[in-house]
Amino acid sequence: MKNLQPTTQYRKDLKRFKHQPQKLAELNKILKLLSNEQPIPNEYQPHLLTGNYKGCLECHFEGDFLQIWIDEKRDIIELVRLGSHSEFFGKN
């Protein structure tokens, strides 16, 4: 089992969504999978990132809601960001 370690920015991101229970329920499913070292299902489109988030992993849920994390194969998963695609990568 891995420990989840949220960054300060992640904690700030999470506070913005505290009144959106459906998003938080989906997020909790993903966090449980990460913590238990289980693969993220393909429906969440897990993938490696490049650019400013090179080395990070990302998955999508609840439409345009993203979870970004770093898993360096240690006992800790660093939770980096939580929010929308346009927030992190600009408008498409």
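This is a predicted model: local features need pLDDT of at least 70, side-chain atom pairs count only at pLDDT 80 or more; totals for chains, interfaces and linings use all residues.
Two strands count as paired if DSSP finds at least two bridges between them.

Let me begin with one pair of residues. In strand 4, the bridge partner of L57 is W69. L66, also in strand 4, is the bridge partner of H60. Altogether, five bridges join strand 3 to strand 4, and the two run antiparallel. They make a hairpin with three residues between them. In that turn, E62 has a positive phi of about 50°.

Now the other neighbour. Strand 4 pairs with strand 5 over seven bridges, again in the antiparallel sense. Here Q67 stands opposite L82 of strand 5. This hairpin has four residues between the strands, and K73 takes a positive phi near 60°.

What is the order of its five strands? The order is 1-5-4-3-2, in an open sheet with mixed pairing. At the edges are strand 1, residues 3-6, and strand 2, residues 47-48, each of which pairs on one side only. Helix 1, residues 8-16, packs on the sheet and touches strand 1, strand 4 and strand 5. The direction of helix 1 makes about 45° with that of strand 5.

Back to strand 4 for a moment. Why is it described as largely enclosed by the rest of the structure? Buried means under 20% relative accessible area. Six of the seven residues of strand 4 are buried, so the strand is largely enclosed.

The largest nonpolar core has 16 residues, and L34, I40 and F61 have the most contacts inside it. Two or more residues come from each of these elements: helix 2 (21-35), strand 3 (57-61), strand 4 (65-71) and strand 5 (76-84). Which of them gives the most? Helix 2 does, with five residues.

Which residues is L34 in contact with, leaving aside its neighbours within four places in sequence? They are K2, L4, I40, W69, I77 and L79.

To sum up, strand 4 pairs with strand 3 through five bridges and with strand 5 through seven.

How values were computed
Residues are numbered from 1 along each chain as its sequence is written. Side-chain values use heavy atoms; hydrogens and water are left out. A nonpolar core is a set of buried Ala, Val, Leu, Ile, Met, Phe, Trp, Tyr and Cys residues joined through side-chain atoms within 4.5 Å. Buried means under 20% relative accessible area, exposed over 50%, partly exposed in between (1.4 Å probe, protein chains only). Contact means heavy atoms within 4.5 Å. Axes are lines fitted to C-alpha atoms, for helices over the stretch in contact, and angles run from 0 to 180 degrees between N-to-C directions.
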